[in-house]
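I opened my notebook to go through this model step by step. Here is what I looked up.

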Amino acid sequence: MKYALSISEGETFVRVRVYTSVSEDLALEFLRAASATADKNNVKSFLFDVRGVPCAMGSWAAYEIAYSKLAPLGYRWDSRMALLASPGDQTYDFLRTVARNAGYPWKSFSDEEEAIAWLDNSRPYEEDRSDKTEAGKRDSV
């Protein structure tokens, strides 16, 4: 199994747990499945748990996903997307950056409780650029 999908206990977000390196094809597969699961359960937030697995897609693939694939797959500008990566994992930095630059509320975390608290926050998403990862600390404004 390459990934698993579930709905959070409070039914506020879709959890995607990835078990193998994230290629462009795998990312598109689980993004499509997560969007369909969100639609069926009337949720619009996502937790992508990639702890322990590196991003194996190139820069162009990450750019294409952010700018050309997310919207057609059903991802919305008012969705919340939390990326939960291992501490020190910088392989997802470019994907996070282009997704945010494309206007998606995408935030990186290395602490699961912080990621869940951010997803469960009922306030509208506000751009704050204060990711809770080492990489996010470098580019916080």
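**Entry 1: ground rules**

Before comparing helices I noted how axes work: each is a line fitted to C-alpha atoms, for helices over the stretch in contact, and angles run from 0 to 180 degrees between N-to-C directions. Helices (H or I, at least four residues) and strands (E, at least two) are DSSP runs, numbered from the N terminus. This is a predicted model, where local features need pLDDT of at least 70, side-chain atom pairs count only at pLDDT 80 or more, and totals for chains, interfaces and linings use all residues. Residues are numbered from 1 along each chain as its sequence is written, and side-chain values use heavy atoms, with hydrogens and water left out.

**Entry 2: the overall layout**

I counted elements in the protein chain and got 5 helices and 5 strands. I then read along the sequence and wrote down the pattern β-β-α-β-α-β-α-β-α-α. Next came burial. Buried means under 20% relative accessible area, exposed over 50%, and partly exposed in between (1.4 Å probe, protein chains only). Of the 141 residues in the protein chain, 45% are buried.

**Entry 3: helices side by side**

How do α2 and α3 pack? I found an angle of about 30° between α2 and helix α3 (residues 93-101), with the axes 9 Å apart. That makes α2 roughly parallel to α3. The cut-offs: under 35 degrees is roughly parallel, over 145 roughly antiparallel, 65 to 115 roughly perpendicular, and the rest oblique. The α2 and α3 crossing is right-handed. A crossing is right-handed if the near helix is turned clockwise from the far one by less than a right angle, and left-handed if anticlockwise.

I checked helix α1 (residues 24-41) too. Its axis comes within 10 Å of the α2 axis, and the two cross at roughly 25°. So α1 is roughly parallel to α2. The crossing of α1 and α2 is right-handed.

Ser59 and Leu95 are 36 residues apart along the chain, yet their C-alpha atoms are separated by 7.6 Å. Ser59 lies in α2. Ser59 has a relative accessible area of 48%, so I listed it as partly exposed. Leu95 is among the buried residues of α3.

**Entry 4: a nonpolar patch**

I looked for a patch on the surface. Patches are made of residues with over 30% relative accessible area and no salt bridge; like charges are joined within 9 Å, nonpolar side chains (Val, Leu, Ile, Met, Phe, Trp, Tyr) within 5 Å. Trp60, Tyr63, Tyr67 and Phe94 form a nonpolar one, with about 460 Å² of accessible area together. The areas come from the Shrake-Rupley method with a 1.4 Å probe, and for residues only the protein chains shown count as cover.

Which helix gives the most to the patch? Helix α2 (residues 59-69) does, with 3 residues. Trp60 is in α2. Trp60 counts as exposed because its relative accessibility is 60%.

**Entry 5: salt bridges**

Side chains of opposite charge can pair when their charged atoms come close. A salt bridge is a side-chain nitrogen of Lys or Arg within 4 Å of a carboxyl oxygen of Asp or Glu. I searched the whole structure and found 7 salt bridges.

One of them joins Arg51 and Glu112, at 3.3 Å from N to O. This pair links distant parts of the chain, 61 residues apart: Arg51 sits in the loop between β3 (45-49) and α2, and Glu112 in helix α4 (residues 112-120). Arg51 is partly exposed because its relative accessibility is 28%. Glu112 is partly exposed as well, at 26%.

Another joins Asp78 and Arg76, at 3.0 Å from N to O.

Asp93 also bridges to Arg96, with the closest N and O atoms 3.5 Å apart. Both residues lie in α3, 3 residues apart, about one turn of the helix. Are they buried or exposed? Both Asp93 and Arg96 are buried. Elsewhere I traced one network of salt bridges that share partners, joining Arg15, Arg17, Asp49, Arg51 and Glu112.

**Entry 6: positive phi**

Most residues other than glycine have a negative phi. I noted Glu11, whose phi is near 55°. Glu11 lies in the loop between β1 (3-7) and β2 (14-18). Asn42 also has a positive phi, about 55°. Asn42 is in the loop between α1 and β3. Asn42 is exposed because its relative accessibility is 73%.
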